[in-house]
Amino acid sequence: MSAQATDVTPAPSTRGALRRKLPGSLAWHIGSLAILAVILYPVIWVIGGSFKKSEDIVGSLDLFPGDPIISNYTSLADGIADISVSTFFFNSLFLAVGSVIGILVSCSLTAYAFAKIRFAGRNLLFTLMIGTLLLPYHVLLIPQYVLFRNMGMINTYTPLLLGKYLATEAFFVFLMVQFMRNLPRELDEAARLDGCGHFRIYWSIVLPLCRPALITSAIFTFINSWNDFMGPLIYLNEPGKYTVSLGLKMFVDQEGLANYGGMIAMSLVALLPVLAFFLAFQRYLIDGMATSGLKG
Amino acid sequence: MGSAVTHAPATEDLTRDSEPRHGPVKTPRPAALKRRRRRDNLAGYLFMSPWIAGFLLLTAGPMVASLYFAFTDYDLFDSPRWIGLDNFSEMFGDPRWRHSVQVTLWYVVVGTPIKLIAALGVALLLAQKRRGQAFYRAAFYAPSLIGASVSVAIVWKAIFSDDAAVDRTQQFFGIGAGGWTGDPDLIIYSLVALTVWQFGAPMVIFLAGLKQVPRELYEAANVDGASRLRQFWNITLPMISPVLFFNVLLETIHSFQIFSSAYIVGGGAGGNACGPADGSMVYTCYLYVQGFENSRMGLASAMAWMLLVAVALVTAVLFWSQKRWVHYEEGGR
């Protein structure tokens with residue numbers, strides 16, 4: 001472990017150094033590809049499996065079938081327990097879009113107050129907000145359920161959406177606060193001297209500049225809402241109102257063994273919106289993740 | 001709830017002001033200043049009002065209610081009846097509760113370190129500037145987004161069942177032990193594998209931390225002839241320790257709250273069990289069974305508070321240990 005220093009020194013100029021660097025590069029790519037294979041295996045497995053006959057899916061080691069079939073997908077047209085698959089998708093989409101709107105509005109308003117307004121009690125409220133980040137959701141699960149039940153809101157989407165409109169997702173508030181603090185102060189200071197009120201500054205100056213943070217929050221909210229299982233499991237009890245997650249779970253319980261191929265196909269279809277979002281916006285997602293771990 | 005999003009550090013405070021202490025204009029007269037301060041207070045609370053309503057209605061209020069329920073017998077239909085500490089004594093005397101604690105602790109203690117070591121290892125690999133780095137980073141991150149979904153749990157259950165890919169691989173090496181998901185002792189490791197598979201989220205945070213380590217430190221160490229291992233131990237690790245702390249805290253807290261994947265891989269709590277012989281009956285699964293399947297809302301609230309206490313203790317210990325191993329740069333970053 002003494003000759004490796006050449007790896008770190010910048011710009012190796014001699015041929016010898018270059019030759020010594022090549023094996024390192026090769027090892028790097030082999031290592032990365034090996035990890036990639038492990039990461040992708042389940043995804044490729046489910047794609048291949050969705051074109052196999054039910055009885056071949058688990059036992060067979062071939063990733064892709066010799067004679068691909070599409071009946072797994074066509075069987076989805078029959079729906080699950082007499083409910084069309086598109087119903088679940090529509091329900092999930094409604095909840096996801098509703099959540100995104102709520103988060104964007106409520107969290108950006110709260111973040112603006114924390115980042116741009118000096119008011120009495122701000123530090124205390126900020127500490128409380130950060131505290132809710134670490135609070136296990138399960139402590140609130142039962143009392144919230146009792147609350148919504150007493151208000152007659154079981155089997156409606158209100159319990160799943162209300163929190164989003166009341167900025168209870170502290171992570172997004174925090175993300176936006178961080179972003180807004182880093183905006184140049186001169187802008188809103190100048191606007192104030194010109195007589196702009198806070199709402200004008202929020203709407204015309206801060207929000208447009210916060211677009212990256214808003215996009216990151218919107219995508220994360222959509223994906224979290226789409227994946228959410230526990231919320232719908234507790235609050236929805238009428239199959240017609242089920243989300244994709246619940247529909248899938250119902251599929252497993254009712255037809256899982258009889259129509260294994262259909263279940264695998266449905267699993268893949270349920271993932272598609274998330275994968276599409278990822279492919280389209282991966283830069284925003286990864287940058288958003290990275291900044292959340294670093295202060296400022 | 002095992003979401004793709006990890007949360008932000010709690011060590012933040014609001015000491016930085018968003019407005020300059022002495023403005024560009026001449027100091028306003030006291031009356032104007034007072035008026036402006038009053039206006040700012042009003043605006044502040046107006047902007048905050050959704051959050052304040054949400055905090056009172058959906059966080060603070062429910063927490064108080066939950067604490068009260070914890071000392072009552074409550075089945076949703078009759079009003080809660082005060083029973084003192086009975087829920088807690090029932091809980092501690094219940095072998096299934098102790099089993100769920102054991103399963104969860106094992107999951108946290110085994111899964112979190114493996115996941116974080118994988119995340120750090122791969123981050124170190126990807127920190128080298130090579131072609132394709134951005135592609136790998138994105139690809140490795142993807143599982144963190146879909147890992148919490150029902151779909152992936154279904155796929156996981158299939159891959160780890162009898163005669164499926166994992167079992168066949170083991171048979172090939174002569175250590176076939178049947179599918180993991182059908183085995184009460186092994187099913188928890190399929191969940192560990194599922195969380196390790198999602199190492200991408202902490203990896204991205206590690207990568208961002210690694211990027212901030214000044215190159216000069218390594219150059220100086222090279223001049224001094226320090227080995228790679230020494231450089232990692234004496235430069236990299238201390239420099240990224242705040243990020244490491246953040247990841248340890250968040251991943252540990254998240255692991256305690258695993259639900260959906262255990263519920264689905266374990267076959268759901270239908271019939272009141274989770275996994276073969278309760279093999280994947282993690283804490284929140286049992287909480288769900290007691291609260292929503294057995295309608296024991298009081299008992300489930302007591303369980304939830306025990307979880308809160310456990311998480312708070314872990315958080316406190318981590319924050320306390322912080323000054324021994326986490327190095328913050330002077331002046332903060």
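Predicted model: local features only at pLDDT ≥ 70, side-chain atom pairs only at ≥ 80, totals over all residues.
Reader: How do you know how much of chain A is buried?

Author: A residue is buried if 20 or more other C-beta atoms lie within 10 Å of its own. By that count, 44% of the 296 residues of chain A are buried. As for the contacts in chain A between residues at least 6 apart in sequence, 73% join residues at least 24 apart.

Reader: Why is B:Met63 called partly exposed?

Author: Happy to go through that one. B:Met63 has 18 C-beta neighbours inside 10 Å. Buried takes 20 or more, exposed takes 12 or fewer, and partly exposed is in between. The value of 18 falls between those limits, so B:Met63 counts as partly exposed.

Reader: Where does B:Met63 lie, and what is it in contact with?

Author: B:Met63 lies in helix α1 (residues 30–69) of chain B. Leaving aside neighbours within four places in sequence, B:Met63 is in contact with A:Val139 and A:Leu140.

Reader: What separates B:Met63 and B:Ser301, along the chain and between C-alpha atoms?

Author: Along the chain they are 238 residues apart, while their C-alpha atoms are separated by 9.7 Å.

Reader: How many residues does each chain bring to the contact between A and B?

Author: Chain A gives 91 residues and chain B gives 100 residues. On the side of chain A that touches chain B, helix α14 (residues 260–293) of chain A supplies the largest share, 13 residues. That side of chain A divides into 57 nonpolar, 24 polar and ten charged residues.

Reader: What makes a set of residues a nonpolar core, and which residues have the most contacts inside the largest one?

Author: Such a core is a set of buried nonpolar residues of the listed kinds, Val and Met among them, joined through C-beta atoms within 7 Å. The largest has 170 residues, and those with the most contacts inside it are A:Val173, A:Met176, B:Met203, B:Cys285 and B:Ala304. The largest share of this core, 15 residues, comes from α14(A). A:Val173, leaving aside neighbours within four places in sequence, is in contact with residues including A:Cys107, A:Thr110 and A:Met129.

Reader: Which residues of chain B does UniProt list under "transmembrane region"?

Author: The unreviewed UniProt entry lists several spans of chain B, including 186–210 and 231–250. In the model, residues 186–210 are 88% helix and 0% strand, with end C-alpha atoms 35 Å apart. Residues 231–250 are 95% helix and 0% strand, with end C-alpha atoms 27 Å apart.

Note on methods:
Residues numbered from 1 in each chain as written. Chains lettered and ligands numbered in written order. Contact = placed C-beta atoms within 7 Å. Helix = DSSP H or I, 4+ residues; strand = E, 2+ residues; numbered from the N terminus. Nonpolar A, V, L, I, M, F, W, Y, C, P; charged D, E, K, R; others polar. UniProt positions renumbered as here; feature names shortened; annotations may be inferred.
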